[in-house]
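Welcome to this short tour! Please open your viewer, switch to a cartoon view and get ready to select residues as we go.

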Amino acid sequence: MGTLKVDDIFDESSKQYFPARVSGTLNGSGTISLQANLNVSSATDNGTGKYQFNFSNSLISATYYASGSCCYQVSSSGYQNYLANRYTGGNQDVDRTSSACKVGSYDGSYTDTVEIGFIAVDAA
């Protein structure tokens, strides 16, 4: 299999695409561990239900789009396979930096969960 290296990706109508610059998943209960990642050097457990993805290579600025997700922490009835935790207000980290972003698991209070996911897209 070969390697394709390009600076920019456009569709036929000249609309530019911005692929993920950072993504990762981790086990969020007990001792956390990275499961899969792109440009993630490590993850930090910042307390119950609070996690931080640290980037291998910093992004140009801290104005990138970031989104975190988690599976529902209650394992009875298989809810963790289908539902995310409920959190009103969105999940964009207002304090994100060019080298790290925080995500959380919240359902009335912060709570550890089976799996946390994160993606960051930067237009630069």
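Below we walk through the strands, then a few single residues.

**Before you start.** You are looking at a predicted model, in which local features need pLDDT of at least 70 and side-chain atom pairs count only at pLDDT 80 or more, while totals for chains, interfaces and linings use all residues. Residues are numbered from 1 along each chain as its sequence is written, and side-chain values use heavy atoms, with hydrogens and water left out. Strands here are DSSP runs (E, at least two residues), numbered from the N terminus. Two strands pair if DSSP finds at least two bridges between them.

Stop 1: Select residues 20-27, strand E3, and residues 33-38, strand E4. These two strands run antiparallel and pair over five bridges. Now show Leu 26: facing it in E4 is Leu 34. Five residues lie between the two strands of this hairpin, and Gly 30 in the turn has a positive phi of about 70°.

Stop 2: Select Asn 39, in the loop between E4 and E5. Asn 39 is not a glycine, yet its phi is positive, about 65°. Is Asn 39 buried or exposed? Its relative accessibility is 15%, so Asn 39 counts as buried (buried means under 20% relative accessible area, exposed over 50%, partly exposed in between, with a 1.4 Å probe and protein chains only).

**Stop 3: a three-stranded sheet.** Next, colour E5, E6 and E8, which form an open sheet in the order E5-E6-E8 with antiparallel pairing. Which strands stand at the edges? They are E5 (40-45) and E8 (100-104); each has a single partner strand, so one side of each has no neighbour in the sheet. On average, neighbouring strands of this sheet are turned by 20° against each other, direction ignored (the axes are lines fitted to C-alpha atoms, and angles run from 0 to 180 degrees between N-to-C directions). Zoom in on E5 and E6 (residues 50-55), an antiparallel pair with five bridges. Here Ala 43 has Phe 53 in E6 as its bridge partner.

Stop 4: Select Ser 14, between strand E1 (9-10) and strand E2 (16-17). Ser 14 also has a positive phi, about 70°, although it is not a glycine. With 58% relative accessibility, Ser 14 counts as exposed.

**Stop 5: a distance to check.** Finally, find Cys 70 in strand E7 (residues 65-70). Cys 70 counts as buried, because its relative accessibility is 12%.

Note on methods
Helix = DSSP H or I, 4+ residues; strand = E, 2+ residues; numbered from the N terminus.
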